[in-house]
Amino acid sequence: MDSETRKKLQQIIVKLGWTICRVYDYVSVKRCYRCSRFNHNHRECKGKEVFSLCTGNHSLKQCTAAPTKYKCINCMVYKKHHPTTQIDTAHTFPDKKCPSLKAILEKYKKNRMLNDKRTYTGQHGDQTQGTD
Ligand SMILES: [Zn+2]
Ligand SMILES: [Zn+2]
Ligand SMILES: [Zn+2]
């Protein structure tokens with residue numbers, strides 16, 4: 001392979017990598033910045049204010065927890081609802097390995113596929129389109 005071909009190939013790989021990152025579009029998940037839970041926004045919030053990094057009922061300024069104590073609020077909740085599932089809560093949002101985020105993305109994907117099926121019957125191969 002000559003250097004010109006290699007250059008082109010590298011450009012394609014970079015492009016692909018970027019697309020893969022874009023497909024994993026966690027910002028499309030609705031998330032409340034007040035209580036950090038999914039599927040509602042701060043105006044619909046009925047929960048208490050939660051600092052998302054330590055899961056305490058206070059704001060960032062009042063937080064005294066060490067960063068090593070930080071954990072994922074949504075995985076704590078997920079664990080409560082799925083007691084038999086072994087999940088790691090020692091991460092903060094947004095984390096791509098977050099199990100509760102993955103679960104919610106799966107749900108979103110399924111809903112989207114259902115909607116797609118309703119709109120254009122028979123065609124639902126493309127899951128990469130998701131920008132609203
Ligand atoms: Zn909320
Ligand atoms: Zn705190
Ligand atoms: Zn998590």
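User: Is C75 buried or exposed?
Analyst: C75 is buried, because 23 other C-beta atoms lie within 10 Å of its own. A residue counts as buried if 20 or more other C-beta atoms lie within 10 Å of its own, exposed if 12 or fewer, and partly exposed in between, with C-beta atoms placed from the backbone.

User: Before we go on, what am I looking at?
Analyst: This is a predicted model, where local features need pLDDT of at least 70 and side-chain atom pairs count only at pLDDT 80 or more, while totals for chains, interfaces and linings use all residues. Residues are numbered from 1 along each chain as its sequence is written, and chains are lettered from A and ligands numbered from 1 in the order in which they are written.

User: OK, which helix holds C75?
Analyst: C75 sits in α2, which covers residues 73-81. Helices are DSSP runs of H or I with at least four residues, strands are runs of E with at least two, and both are numbered from the N terminus.

User: And what does C75 touch, skipping its neighbours within four places in sequence?
Analyst: I87, T89, C98, P99 and S100. Being in contact means that the C-beta atoms, placed from the backbone, lie within 7 Å. C75 and C98 are 23 residues apart along the chain, and their C-alpha atoms are separated by 7.4 Å.

User: Which residues make up the largest nonpolar core?
Analyst: C72, I73, C75, Y78, C98 and L101. The largest share, 3 residues, comes from α2. A nonpolar core is a set of buried Ala, Val, Leu, Ile, Met, Phe, Trp, Tyr and Cys residues joined through C-beta atoms within 7 Å.

User: What about C72's contacts?
Analyst: Leaving out residues up to four places away in sequence, C72 touches T89, H91, T92, F93, D95, C98 and S100.

User: Switching topic: why does T64 count as exposed?
Analyst: T64 is exposed because it has 8 other C-beta atoms within 10 Å. T64 is in the loop between α1 (3-23) and α2.

User: How many helices and strands does the whole chain have?
Analyst: It has 3 helices and 0 strands, in the order α-α-α. Buried residues make up 11% of its 132 residues.

Note on methods:
Contact = placed C-beta atoms within 7 Å.
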